[in-house]
Structure formats: structure tokens, C-alpha cells
Amino acid sequence: MIRIEGLRKVYKNGSIEVEALKNINVEINKGEFVAIMGPSGSGKSTFMNILGCLDRATSGLYILDDKKIEDLADNVLAEVRNQKIGFVFQSFNLLPRITALKNVELPMIYAKVSAKDRREKAMHALERVGLTDRVHHRPNELSGGQRQRVAIARALVNNPAIILADEPTGNLDSKSGYEVMEIFKALNKEGATIILVTHEPEIASQTKRIISFRDGEVIDDRALEGELVEYT
Amino acid sequence: MIAFEILKIAIQNIYANKMRSALTMLGLIIGIQAVVIITTLGNAAKADMTGAFDQYGKGKLNINLTSAERPVVYRDFFSDGDVEAIEALEEIEAASAEIRRNVTLKYKNKEISSDLYGVNSNYDQVELVQIIKGRFLQESDIKGRRNVIILDEKSAVALFGTTEAAVGQVITMTTGPQTFELSVIGIDKISDSTLMKMAMGEYYYSFIPITLASRFYYVDRYPRMMVQAQEFISLDGVTEKILNLLERRYKDSAMYRIYKRETEFAQVSQGLTFLTATISGIAAISLLVGGIGIMNIMLVSVTERTREIGIRKALGARPSTILLQFLIEAVILSVLGGFLGLSLGSAIGYGIVSLLKLPFIISIGAIAYALIFSTVVGVVFGVYPAKKAAKLDPIDALRYE
Ligand SMILES: Nc1ncnc2c1ncn2[C@@H]1O[C@H](COP(=O)(O)OP(=O)(O)OP(=O)(O)O)[C@@H](O)[C@H]1O
Ligand SMILES: [Mg+2]
């Protein structure tokens, strides 16, 4: 489903160039549950942003569902983000002025879903993350764990092919982090492809595959629970 | 569908920043309001003038002497015979000459300076005369050279306090070394037109029989004649005929200028239109300022909401959707401002116009113009900030602190 070959990302700030990713080659299949680990500054977020079509690679190949992402125009990319990808951020990134329910409805507005269907699906998504009682609260009236669950509901509401989560438990206490992981595990069991970045081995051990980054390169890629992983 | 959702978002944003939105609109409100007030006043003035013209300007000609060719001599003046000959023309309904002098009118200890017109009894056919008390001059007053006078209502009030008290009283007229006693037989209403009244200010006038004036001033010829032509007749043709007639009566037609009231009114009306348009144009500059205000606030808004834009883009909003969202917000602000300006301007314009007793005319054209113009302002000044928002890179926008 995801194929990445020779991916590079260079940040340019004036005359200073930072090579955040150097020659990454990864393949991720449908239904996988992947943890990305590595020290700070190793390029994990950079990698996730490219996977999520929020940023473009400097060079290399990224194929998502048989589509070469670098060839796509901005409008098509917006559609890919909307339809194929659910992104969960460390800092939640909810719109502060609207309720949890409305936040979850947002991706469906851009998918041109009718108001009635939007509400229904948003309620259903919130149900899946166990937040039915807080749907009419605004983000600042929710705890960190609850906010992240709203963000997950928003990420999964359009039934995306992959859910990307950059340190989803980074801002949460261990109990909330545990709850979030339970949701991810359940989603994966239902067939969702999940890729998450984490610093905590505890979290990573709950996934099925760990890809380790250092200095913009993949230094290790192993399957857990004895499951077989093919990689190029 | 999505446009409706975007509209909702835009309205919510405007509502969430009520104070700022109101201040943003203020420039446009004031600008549109100014233009509306000025056009309302201009239209009112024009309608007032047109009303006055319709009442007594149609088919009227003034024949004046001119010294453009050579100095005027006494035989160039109009004799009674000339007046009668012109009146006898087929196209002419009435012709009437006048003698005009400035005199002093006195009653008891009150005195005013008045323009005294020596006129014929048919003068009311060539000029607007509206007698509100008593009567106008009659054939017998002219023939009998009676010592009678008609005052305008303001003179009557100035001398007698009320128009009622004036009729039947005897006043003293002083002209040069001579003094005469005249009895007041009628009061003439001054113009219905507010503007004419304003223009006349402290102007007083009065009428006496032309025969009486002839004797006071030892003249039997008159410097000016007014003519009422038949309705629906080409005034150019009539002018031609009058000049030919004067020529046949051994007069030098180069010595006369014939003015059409029509032309004079048209000129004044044109001037008024130009004036209105010019002042409106100047006021319209404030619309530009209003537009810049909208652009400024939209730019601030785009910066403030960079993160929101990033989130929306991450969730699948297209650049065009973001563009539309900010553009619609700018247009709502400007159209709302335009609408408020239009309403306020109309209300204030109506207030002023009714105070001046001028007609209130609200034109659909002006309303459409104001609304279209404010929409255009919103689009023109909203496009740049909206484009800026649309072009933001999603990841940069998300990282924005
Ligand atoms: N916008 C940017 N401009 C310039 N350099 C950047 C930018 N974003 C990231 N970098 C650099 O790229 C490298 C990789 O950064 P990245 O954020 O991907 O690391 P990370 O693995 O996510 O780290 P962390 O665990 O702290 O989140 C770092 O050296 C960082 O300084
Ligand atoms: Mg990171």
C-alpha cells in the first residue's frame, strides 16, 4: 500500500541546509500496525509529514495506493489527505471555537457529506473512541486524553486507508496514553493501517512492527509477535 | 453545498469577532452613507427644480436687449405696438412687457427696498403669479392708471406683519425725488420651490400697472418683454418669427437676445448633476479607505488563523476552498457595510430632505449601485488576503505559533 524508495528531504533555511531524511526505503502493507522510533531530530516527524501528504519530499519515490504522490497537484493532494489519510497530532490540533462533534465533522465538510450524514458518522466515530457524553463540549473543556480521542475520531471518520499519529501519547499521562493505545489496537484489529511515532518502548511494544530512525536513516526494521514483515 | 458550509463558517467568524467586524465595516458604512446622502440631496434639488420648471417654465421666452453690436438707443426699446404685434402672432398666447425699478416702500415706520415691476394685466400669463390675497391687476387698473400695488408675501409680512393685514392699506412709494401713495390690492405667493425661496433670500418685489410706471418714469417704451408660446411648438421657430417680425417693424434684430427658460433650466439642472457627481466622487474615495480597512483586517485575520488554516488543509480543504472562505468573509463584511451605509444614508437623507421640504426620491439604481459597489470592494480588497491564506503550505501553517 505504501512504497517508499530513495526518499530524501532537505530543509533549506537561507544558506543552511539540513538533510532530515537520507535515502529512506520502506514498504508498509494494508492492515499493519507500525511504530516509528528514534532519537530526537532523527527525522521521524519529517517522515510522517511526507507520508501524510502534508509536506513534499525533496527527491525519491512515494507511492500510496498505486499513486505517485509527487506527481499530484495541490487540489488532488488535498483530496488524498481527506480520503486516504487520518492524521493524529501530538498537540491535537483541534479547532478551539467549535465543539468536539463539529471538529469531528470537519473532514466530512470537505468530503461534501450531507449535514445529516456528517452528524451521524461523527457521533459514531466519537462512540468508537468512547466519548459520547462530551460531544457538545469545546476542546478547552476537555482533558488532554479526551482531546486526543476527539482527534482520533476526526482522523478515522472518513474511513481512511492509513492513520498516522505523530507522538499521539506524547502529551498524555500514562492512563490516557493507555486508553489511546487501546483505541488504536481496536482500530487495527478492525483492519485499519496504523503508523505511529513514539519515544516510549512500552507503546512501541504494543504494535506489530518497529522501524527505527537515526540521523535521517532507517537503522532497524523488525516485526514483533513473530509476524513476518517483508521489506526491500 | 460546500459553499453553504463555507458561508456558515464565514458568518461564524464574523460573529465571533463582533467588535472588530463592526469597526472594519465602519469605513465602508461612512463612505456609502456619504454618497447616498449627497445623491439624495442632489436628486431632491433636481426634482424641486423640475417641479418649478413644469409649473411655469414651459414655452416661455424672454426677449432682452443686447449691446453686443452697438449701444442701445431708445428706439430699440419695445413700444406698445411691438408688444401687440408679437402677441398677434399665431404661435404666441401672450406677450407682456415690463419696466423694472428699485424703489422704497414705506408703511408707518417700516420700510423695505423692493423691485417694482410695471406690468400689464396679462403678465400672469407670461410669468407665474399666484395671488393668495386680494386680486391681480385688471384691464381697468391699466386703462385707468390706478394707484394700486401688489406685494409679494414676504414684503407684506415685512411691512404689515401678516398678509391679511396688508390688503386695502395704503403705502408710500419713494423713487428718486418722487413720492406716491399706492393701495395694496393683492398679495403674490412666492415660489413653491424651496430652492427658489432660498435663492431669493431677502428679495422683495411688487407689481403696479405698466401705465402708471410709464408716467412715473416718463417712458413709453420697455426694455424687456416676456412671451408665452403655445404648448408643443418649436421654440426655435417662434424665436425666428419674432426676430423677423421685429425686423419688419424697422428694428435691428441684432439688438435682441431671446432666451428660452427651458435652456436655462437645463443648464442649472446639468450643473446640479455635475456637482452631485463630483461630490459623490470625492465621497467615494472614503469607500477606497473602507476597502483598505477590510483588506487590513483580513490580513490580520489570515495571520491569526494560520494554524486553523493548517488544520483545515491537513483535513482536506483545497486551496480554492480556503480562498473562498476568506473571500466570502470579506464580501460579507463589505456588503453588510454597504447595506448599513445605504440604510443610514437614506434615513439621514430623508431627514434632511423633509426638513428642507424637498421631495425624497430613492432610486433603485442608487441602491443597486451601492450594493454592487460594496460587493466589488469586498472582492477586490479581499482577494489578496484570501490568496495568501490559500497559498499557505499546510505543514508551515500547522507549525505556526
Ligand atoms: N522546518 C524545518 N526547517 C529546518 N529544519 C527542520 C525543519 N523541521 C525539521 N527540521 C530538522 O530536521 C531534522 C529532523 O526533524 P524532525 O522534526 O523530523 O525530528 P523528529 O525525529 O521528529 O524529532 P522529535 O523526536 O524531537 O520530534 C532535525 O534536525 C530538525 O532540526
Ligand atoms: Mg517529531
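Me: Which element gives the most to the shell around ligand 1?
Reply: A residue is near a molecule if one of its heavy atoms lies within 4 Å of it, and helices are DSSP runs (H or I, at least four residues), strands likewise (E, at least two), numbered from the N terminus. In this predicted model, H1(A) gives the most to that shell, with 3 residues. The shell has 15 residues, the closest being Ser40(A), Gly41(A), Lys44(A), Ser45(A) and Thr46(A), while ligand 1 itself lies between chains A and B.

Me: How should I read the numbering and the limits of the model?
Reply: Residues are numbered from 1 along each chain as its sequence is written, with chains lettered from A and ligands numbered from 1 in the order in which they are written. Because the model is predicted, local features need pLDDT of at least 70 and side-chain atom pairs count only at pLDDT 80 or more, whereas totals for chains, interfaces and linings use all residues; side-chain values use heavy atoms, without hydrogens and water.

Me: Which polar atoms lie 2.5 Å or 3.1 Å from an oxygen atom of ligand 1?
Reply: A polar contact is a pair of N or O atoms within 3.5 Å; within protein, one must be able to donate a hydrogen and the other to accept it, and residues adjacent in sequence count only if both atoms are side-chain atoms. Here a polar side-chain atom of Ser40(A) lies 2.5 Å from a ligand oxygen, and a side-chain N or O atom of His199(A) is 3.1 Å from an oxygen atom of ligand 1.

Me: How is a pair of aromatic rings described?
Reply: Such a pair is described by the distance of the centres and the angle of the planes. Rings of Phe, Tyr and Trp (its six-membered ring) pair if their centres lie within 6.5 Å, and planes under 30 degrees apart count as stacked, over 60 as edge-to-face and the rest as tilted. The structure holds 14 aromatic pairs over all chains; in one of them, Tyr74(B) and Phe77(B) are tilted, 5.6 Å centre to centre with 40° between the planes.

Me: Why is the pair of Phe180(B) and Phe216(B) stacked?
Reply: The ring centres of Phe180(B) and Phe216(B) are 3.8 Å apart and their planes stand at 25°, so the pair is stacked. The pair links distant parts of the chain, 36 residues apart, with Phe180(B) in strand E7 and Phe216(B) in helix H8 of chain B.
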